[in-house]
Amino acid sequence: MVLAQSPNLELSESQKAVLQKYLIHDETTWEDVARRVARFVASAEPTPELQQSWEEKFLSILLPMKFVPGGSILANSDHGTHGMLNCFVLSSEDHIHDITKLVSDSVLTTKFRGGVGINIGAEDSKGYIRPKGAPFQDGKALGPCAVLDMVSENSKKITTGNKARRGAFLFSMNWRHPDIWEFIQAKTQSTIDANFVKDIIEQMAQLAASDEATADKQAKLSALQNQLGTAWVETHLNPEGKRDRRWHNANISVQLDDEFFEKLDQGDEEAQRLWQTMAQNAHDTADPGLLLIDNAKRRSPIRDFVTCTNPCGEIFLPPNSACNLGSLVLTKFVHRNDQGELEVAWDDLAETVGIAIRFLDDVLNVSEFATPDQKDNVTNVFRQLGLGIMGWADYLKLARIPYDSQEHLEAIDHWGSWIANHAYRASETIAAEKSPCGVWAQIKDIKTGNPFEMWVDSEGNHYNGAEVLESDRQDLAQVPRRNSTVLSIAPTGSIAQLAACSWAFEPDFGLTLWKQVFVDASKNEQNWVQILNPYLDELELSEADAEIVKQTGSLAGTQYAKAHSNITNSFKIAREIPPGWHIIVQSKWQDWIDSSISKTINLPAHATVEEIKQIYRLAEKAGLKGVTIYRSGTLDSEPIKVGEAEKSEEAS
């Protein structure tokens, strides 16, 4: 067999920097990685002939980077633990044996390169752990936040392969849980230098031994005691002698349902206080986000099983289940013809989608798992996939479509429906060949309204999922699928850098970026890599304008922008797009996704708490399944800097 020939991709320095994360043994190029991955994943096929055939097809989309799998697939194919899935969800019941298993399973899953979502449910629901101080036979409960402390601490640094990996988590809690207040305030605890605490103690000792008047001394001691109480939050030190921020390796989200918003609208004091505090904390620390659980379940084929999302929020999962991720690089299907008009290779995109679905489904059969429960749920029951996209903002620039425009929404419908329909047809084809997912009998009659589903009546007529909701026919049967869910949009940070494209469907964070790249998480050293937006080249900016973009990461303020507003509008960066448009765009993409979406609404530093509350409420009303905001400057150390100016501030 003659395998696909490499298109001789020339990688930039930025691409080469991130490629280092995925090279093993004597590999030096992307072609080396692609061939290893294609060969290993194709080994899932039942015969040597099929293995050779699918290896060739997998290479046809991997080598030119039309499709790029998630980082765990690239790193662990035929290597290390063979843990190739990015994201898992775990759960615990209110019993010491379950809690201990939750902690150990979290450590083991991190070893297998998986991030973990954990939800603390309300009483009488899955994942409930009794509140802090609740009595039991031998004493009083430490509460769920203490359990999450154990998970976070025990998963700090786990060696996988020849590198260290820090556990990555999403902790969520149902708003009804009595410990919700401790939960939402956990991330407000800042990183504090141990020397600061030591200095306060020394001041207190000196003051106690001084000859000051008793009243003055007591007042000063009380003030110092208050400082110490604020500072001495944690009981452990990191290797640099600083107190770690609580749950520093976790995002946190609150699960809100329809009942919460009903109470909020009715003026319920407790709901309003919680709402205000969540928005304030998100303003100050970027946590918590919201998981809108009823919105998520309405459109989910596995609505009766899901409990929580993975750390980045792109997929709702049942306990001990997982999703494997891969993204289409949309700009690979776009070119300009001789007349300068933009054309899309729709047939090529359709073929690539079909091959990518087969690839991801095969990944499930060659991956290894941290626990038997995970292996059974993933391979025998749910078989969830996460086919997504990246390079969307690049396409909008090429097509001269502003992010905040009706034309943008129409483009999403065109692309989204094409991808979703071909992805579902591919999963149906594999089911006919290899059998449906194990949970199919339990989900086959669930009517989600997703328009890419296919249903058939007794006469052989076809209906999509939206039409089924409007039909009163009783003889409709859904076409079986190999995968319970198929579509998800992940954040694509590293793999987008590898493919030299924009992230998922996010607008550009900046037209000039500096990004931290971890080569080994066992060392607290990051390489800063500069990423220049390649689509600026065709604008032929003057030297003065180019310098403005280099410093600020934006075209705003350039002479080019003044003269070409129609083009400049399609180059807006995230901070220049009204928050409402972020939500509208996410909602439109969600129409074509059966799972969920990872999306951060990036806000300028001057954004207010009231604006954040408005964004959260708009997200709920728009039917979003989750929402996360980030206000610029919230964290002391940010992994991405826009332009030279912000990078210089970091250095100083």
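Helices (H or I, at least four residues) and strands (E, at least two) are DSSP runs, numbered from the N terminus. With that settled, I looked up the totals: the chain has 25 helices and 26 strands.

**Ground rules.** I'm working with a predicted model, where local features need pLDDT of at least 70, side-chain atom pairs count only at pLDDT 80 or more, and totals for chains, interfaces and linings use all residues. Residues are numbered from 1 along each chain as its sequence is written, and side-chain values use heavy atoms, with hydrogens and water left out.

**Whole chain.** I checked burial next, where buried means under 20% relative accessible area, exposed over 50%, and partly exposed in between (1.4 Å probe, protein chains only). Of the 652 residues, 56% count as buried. Then contacts, meaning heavy atoms within 4.5 Å: among those with a separation of 6 or more, 74% join residues 24 or more positions apart.

**Leucine 207.** I found this residue in helix 8 (residues 194-208). Buried or exposed? Leucine 207 counts as buried because its relative accessibility is 9%. Leaving out residues up to four places away in sequence, leucine 207 touches Glu212, Lys217, Lys220, Leu221 and Leu224. I also noted that leucine 207 and lysine 220 are 13 residues apart in sequence, with their C-alpha atoms 8.1 Å apart in space.

Two strands pair if DSSP finds at least two bridges between them. I traced an open sheet of 3 strands in the order 20-19-21, with antiparallel pairing. Strand 20 (462-464) and strand 21 (477-478) are at the edges with a single partner strand each, so one side of each has no neighbour in the sheet. Strand 19 (residues 454-456) pairs with strand 20 over 3 bridges, and methionine 454 stands opposite asparagine 464.

**A parallel pair.** I moved on to strand 24 (residues 600-603) and strand 25 (residues 626-631), which run parallel and are joined by 4 bridges. Isoleucine 601 stands opposite isoleucine 629 here. The chain gets from strand 24 to strand 25 through helix 24 (residues 609-621), a right-handed β-α-β crossover. Right-handed means that, with the strands pointing away from the viewer, the path from the first strand over the helix to the second runs clockwise.
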